[in-house]
Amino acid sequence: MLKFTELYPENNQKRSSFLLDGMWKFQFDSSSAGKENGWENHLPNPVSMPVPSSFADLFTDHRSRDYCGDFWYEHDFYVPEFTENQRVILRFGSITHRAVVYVNGKEAAAHEGGFLPVSADVTEFVTGGKMNHVAVLANNELSETSLPCGAVKVMQDGRKLAKPYFDFFNYAGIQRSVWLVIVPQSRILDFDTDYAVSGNDAEVHYSVKHEGTGTVRVTLSDEDGNEAASAEGASGVLSVRDAHLWNVRNAYLYTLHITLWEDGELADEYHARIGIRTVAVEGTKILVNGKPVYLKGFGKHEDFEVIGRGVSLPVIKRDFECMKWTGANCFRTSHYPYAEEWYQFADEEGFLIIDEIAAVGMMRSTHNFVAAGTGHYTSFFEAPTVPQLLENHIRQVEEMITRDKNHPSVFAFSLFNEPETISEFAGNYFRTVFEAARKMDPQHRPLTGAFEKNSKPELCQVYPVCDFICLNRYYGWYISGGPEIDEAEYLFRDEMNRWAAKELNVPFVFTEFGTDTLGSEHKLPSVMWTQEYQNEYYEMNFRVFDSYDFIQGELTWNFADFQTSEGIFRVNGNKKGVFTRTRQPKESAFILKKRWDN
Ligand code: BDP
């Protein structure tokens, strides 16, 4: 298991990074016999498989698309000559949901959790100046100790099917880029930053973790490449006069150049783009650089035709252009940490991110969205497997915070989505997660989580641990939809009045609200599923939001239509997108744009 996340790859005087994306070999292993049969050395009957991609939607048969169990990848890659003072690292952006990595037949890494990097120091396993072989044994089964949570159903013929307790397709594979990185033995392992702003000036507090006995020097350059500050030592303060602050939708990025020196020689260097900004929650306000910000935007998914959850820079670019066009300033990485390129774009575009861990499905229900509001209770946090889940949860939160802590766009971490929250068991569970997380973030960003409707103000045991409260609410869809929309508004206001009566003095943000809407359907007067109904629903929700001062944000569900498991509640996926799955606007996009542009 890894102790830190290998830094995002770069090329410089001391580091060489080679992208290993491309066509790899792939084979299903439904009887989990690959290891016994030496598949780590050679796959007997593979097909070609693009990396990065989810495998599911590339196939034309059901069994392959819905495959659940073990599967393998292999690839031959060239390792350039390296010296004894260098280390060779393999870095996968993620492997979903768990993996063992073998290099030239030897186990190099094992990792649980499908949305965070897997890195392996393979120096001892590879030969420089030659082709080498990597094999990955991956597995996409779900359980009540995995994040996200779910189960596996074994059919009469022995075939396994994933049963997610969540509402997105269980895409799997090597869904993010793979890098070979050659770094110096004495190297920069990690760094942290934190900021203080006073008047026109700022202080960048930094700390650098490194291997070896060297001396650290850091310089900060502005966007024109001019030096703004410098300092020496593994930790210290950079004083920046007339600092350009990173602001919401008005980003400014400095480059932090970290160098490590041994005996007067450069041992290692690393460049990071950072933004000077402060974030805080004060009373009912969310503050960026001391000024209140109202969050406008979306809950999203990494999801697209054909590639599934595979990272695609063009899709990321298109999504940012669409979000900018609506006037949005924020999104939540529902329901898992996204590929790192999302955060890099957000840093540049001045978007705020609520960075969410894959703690979703903690309700033992495949129809969480229907169970919500019915009072349905599954004793999820009373199971004997909870300690193992808790350990996994905390470790993944640590990996997420370690990976994402230096992105100015990340202003809050969400540590769950829609768990059961009304028992003492749930209360204890989340108190433990939050206490652990509070020690992990050098910037002490706000921590939160998204609550569904059963988490009522009178019953929820978990909201007190949150710095601001995120609500997923579907009044007018799952609750009192269609002809009952006036009733829905009444019930919605009733719940908000009950929250108001608690006088919690914290911000509330809506992290989900929306209606399934088919781009093809129109009707006057509206009925559910039509574009007209989506518009009326949004207008009703906005009336409610605008009635309460403590509501400080609205992230609709969802940015775009996305794939889910099959079932009678989903018409080839979830259709709550404001954009279609191919990223064209539904009519509601214009309603949001009108509201958010103002
Ligand atoms: C909520 C979930 C989200 C679902 C959404 C919906 O947080 O993942 O996709 O409802 O029902 O329960 O559309």
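Start at helix 3 and select Glu340, Glu341, Trp342, Tyr343, Phe345, Ala346, Asp347 and Glu349: these residues are buried. The model is predicted. Eight of the 10 residues of helix 3 (residues 340-349) are buried, so the rest of the structure largely encloses this helix.

Now show what surrounds the helix. Its buried residues pack against strand 5, helix 2 (313-326) and strand 24 (330-332), and also against strand 25 (352-356), helix 5 (386-404) and strand 26 (410-417). Step past the end of helix 3 to glycine 350, which has a positive phi near 75°.

Select aspartate 319 and lysine 300. They form a salt bridge, with the closest N and O atoms 2.7 Å apart. Aspartate 319 lies in helix 2, and lysine 300 in the loop between strand 23 (295-299) and helix 2, so the pair ties together parts 19 residues apart in sequence. Is aspartate 319 buried or exposed? Aspartate 319 counts as buried, at 0% relative accessibility. Lysine 300 also counts as buried, at 0%.

Next, select aspartate 561 and lysine 586. Their side chains meet in a salt bridge (2.8 Å, N to O). Both sit in the loop between strand 30 (551-557) and helix 9 (588-597), so the pair ties together parts 25 residues apart in sequence. Aspartate 561 is buried at 7% relative accessibility, and lysine 586 is buried at 3%. Then pick Asp167, Asp516, Arg570 and Lys576: salt bridges that share partners join them into one network.

**Between domain 1 and domain 3**

Colour by domain. The assignment gives domain 1 (16-184), domain 2 (188-274) and domain 3 (279-597). The centres of domain 1 and domain 3, taken over C-alpha atoms, are 30 Å apart. Show the contact residues: 31 in domain 1 touch 44 in domain 3. About 3200 Å² is buried between these two domains, and carbon and sulfur atoms give 56% of that area. On the domain 1 side, select Leu116, Leu147 and Asp167, which lose the most area to domain 3 and together make up 22% of what that side buries.

How many salt bridges are there between domain 1 and domain 3? The count is five. There are also 16 residue pairs in polar contact between these domains, both residues at pLDDT 80 or more. The domain 1 side that touches domain 3 has 14 nonpolar, nine polar and eight charged residues.

Zoom in on arginine 65. Its side chain meets that of glutamate 566 in a salt bridge (3.2 Å, N to O). Arginine 65 also forms a salt bridge with aspartate 66 (3.3 Å, N to O). Arginine 65 is partly exposed at 25% relative accessibility, whereas aspartate 66 is buried at 19%.

**Backbone stops**

Most residues other than glycine have a negative phi, and most peptide bonds are trans. The last stops depart from that.

- Valine 51 to proline 52: this peptide bond is cis, with omega near 5°. Proline 52 lies in the loop between strand 3 (47-51) and helix 1 (62-65).
- Threonine 96 to histidine 97: this peptide bond is cis, with omega near -5°. Histidine 97 is in the loop between strand 5 (86-92) and strand 6 (98-103).
- Asparagine 289: phi is positive, near 55°. This residue lies in the loop between strand 21 (285-288) and strand 22 (291-292), and is buried at 13% relative accessible area.
- Asparagine 505: phi is positive, about 55°. This residue sits in the loop between helix 7 (485-501) and strand 29 (508-512), and is exposed at 53% relative accessible area.

Conventions:
Residues numbered from 1 in each chain as written. Predicted model: local features only at pLDDT ≥ 70, side-chain atom pairs only at ≥ 80, totals over all residues. Heavy atoms only, no water. Helix = DSSP H or I, 4+ residues; strand = E, 2+ residues; numbered from the N terminus. Buried < 20%, exposed > 50% of the residue type's maximum accessible area, 1.4 Å probe, protein only. Domains from an automatic or database assignment. Contact = heavy atoms within 4.5 Å. Buried area = accessible area lost by both parts, 1.4 Å probe. Salt bridge = Lys/Arg side-chain N within 4 Å of Asp/Glu carboxyl O. Polar contact = N/O pair within 3.5 Å; in protein donor to acceptor, adjacent residues only side chain to side chain. Nonpolar A, V, L, I, M, F, W, Y, C, P; charged D, E, K, R; others polar.
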